[in-house]
Amino acid sequence: MPDLVPKQMLPPEQLTSSNISHSKYASSVQHISNMQGTTSRTQTQLELEIENIGAHLNAYTAREQTVYYARCFKQDASTCVGIIADILQNSKFEDSAIEREREVILREQEEVDKQFEEVVFDHLHATAYPGQPLGRTILGPKENILSIKRNDLVDYIGKNYRADRMVLVSAGGVPHEEMVKLAEQYFGKVPPTGSYTPLGDAQKAKPRFVGSEVRIRDDTMQHAHIALAIEGVGHKDPDYWTMLVMQAIVGNWDRALGGAPHLGSRLSSIVAKNGLANSFMSFSTSYSDTGLWGIYLVTENRIQIDDLVHFCLRVCAILWSLLIF
C-alpha cells in the first residue's frame, strides 16, 4: 500500500520530528527490540526465561502507542517487569536482528495489504485525518521500512522512551504497592524528556476531523468494501459509552448466519430484505481525544451500492441527531 498521507501535507504547526518519527519508527522499534536480545540477555536466554515460568510476552504498535505486555503467574510479576524493562532500556539492535526483522515487517505489510478490511480502514483514517499523524498507517510505507538504520532506532528510543511518556499498568493479583516498587526498581533511572508536558495536554494538537471521501474502483474484484464514519469521541469524553451503545444498536449482520433476516437491527432487516450486502459491522474506535464511529460493509450487489449507502447514512443521521438533542 502506498503512503496514504505524504509528509508535506502536514500543517506547519504539526510538522514536528516526533509526529513523523512515531509513524516511521515506532513499529520497527517494537519489532526489533521485542525478544531480540539485550546487553544482559541473549535472545535465547530471553525466550527460555519466559518459557520456564510459563509466561507470555508480546508487543504491538497502534496509532497512538506502543505496548509491551506479559501474562504470567502473580509470583512471577517481578521477573516479567524486569524483562520488559531490560528490553525497553537495553536492547542491542544488532545489524543482523535489524535485517531479519526488516524482512518480517515487510512480510507483515504484505499480509495486511491482502486484508481488505485493514486496507479500507487505513484509507478511512487517511481521509478523515488528512495530513495528520493519526491518518498515517501503522507500519508505514515500504520505503521507510527499507531505509531504517540502527541509528534511527536508537535516536527514536532516546527521544521517546522517557519516563513522562511511559505508563506501567497491571491487572489481576498484583498489589498496587508492589507495582510501585517494581516501577521504582526497574524504571527509576529512566530520565524524563527535556521539556516535560503532561500527556494529553498541549503535547499535541487535537486531530482535525475532515469530511471527505476516497473511492478506489477495481471491477476485477467480486465484492465492494465500504467504510462510512462520522467523528466519534475520545476515551475520556462523557459520550464514550453512549457511542458504544449506538454501536450496539446498529450491531453486526452477516447473511451467512442462520437467523440473519430476523435480527433486531432495523438496518439488518432492510439489508436482508433487499439483498443489499453480504455483511456489515458497526464500530466505535476511540483515541485519546477523538474517534471514529461508523459502519463497515461488504457487498457483491454492486448495482445497489447507492441504496446500501443511503440506508446506512439514514441510520447514522438518526442516531447522531438523538445524541445531539
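A disulfide is a pair of cysteine sulfur atoms within 2.5 Å. Searching the whole structure turns up 0 disulfides. The model is predicted: local features need pLDDT of at least 70, side-chain atom pairs count only at pLDDT 80 or more, and totals for chains, interfaces and linings use all residues. Residues are numbered from 1 along each chain as its sequence is written, and side-chain values use heavy atoms, leaving out hydrogens and water.

**Cysteines**

- The cysteine sulfur closest to that of Cys-312 belongs to Cys-316, and at 6.8 Å it is too far for a bond.
- Seen from Cys-316, the closest cysteine sulfur is in Cys-312, again 6.8 Å away and too far for a bond.
- Cys-312 has 0% relative accessibility, so it counts as buried (under 20% relative accessible area; exposed is over 50%, partly exposed in between, with a 1.4 Å probe and protein chains only).
- Cys-316 is buried too, with a relative accessible area of 7%.

**Helix 7**

- Helices (H or I, at least four residues) and strands (E, at least two) are DSSP runs, numbered from the N terminus.
- Helix 7 covers residues 150-160, and its buried residues are Leu-153, Tyr-156, Ile-157 and Asn-160.
- Those buried residues fall within an arc of 95 degrees seen down the axis of helix 7, so they line one face of the helix.
- The arc is that of the directions from the helix axis to the C-beta atoms.
- An α-helix has 3.6 residues a turn, so residues three or four places apart point the same way.

**Aromatic pairs**

- The whole structure holds 8 aromatic pairs.
- Rings of Phe, Tyr and Trp (its six-membered ring) pair if their centres lie within 6.5 Å; planes under 30 degrees apart count as stacked, over 60 as edge-to-face and the rest as tilted.
- One of the pairs is Phe-121 with Tyr-296, which is tilted: 5.6 Å centre to centre, with 45 degrees between the planes.
- This pair links distant parts of the chain, 175 residues apart: Phe-121 sits in helix 5 (residues 116-128) and Tyr-296 in strand 6 (residues 291-299).
- Phe-121 is buried at a relative accessible area of 13%, and Tyr-296 is buried at 6%.
- Tyr-156 and Tyr-161 form an edge-to-face pair, 6.3 Å centre to centre and 70 degrees between the planes.
- Tyr-156 is buried, with a relative accessible area of 4%, and Tyr-161 counts as buried at 14% relative accessibility.
- Tyr-68, Tyr-156 and Tyr-161 make up one aromatic cluster.
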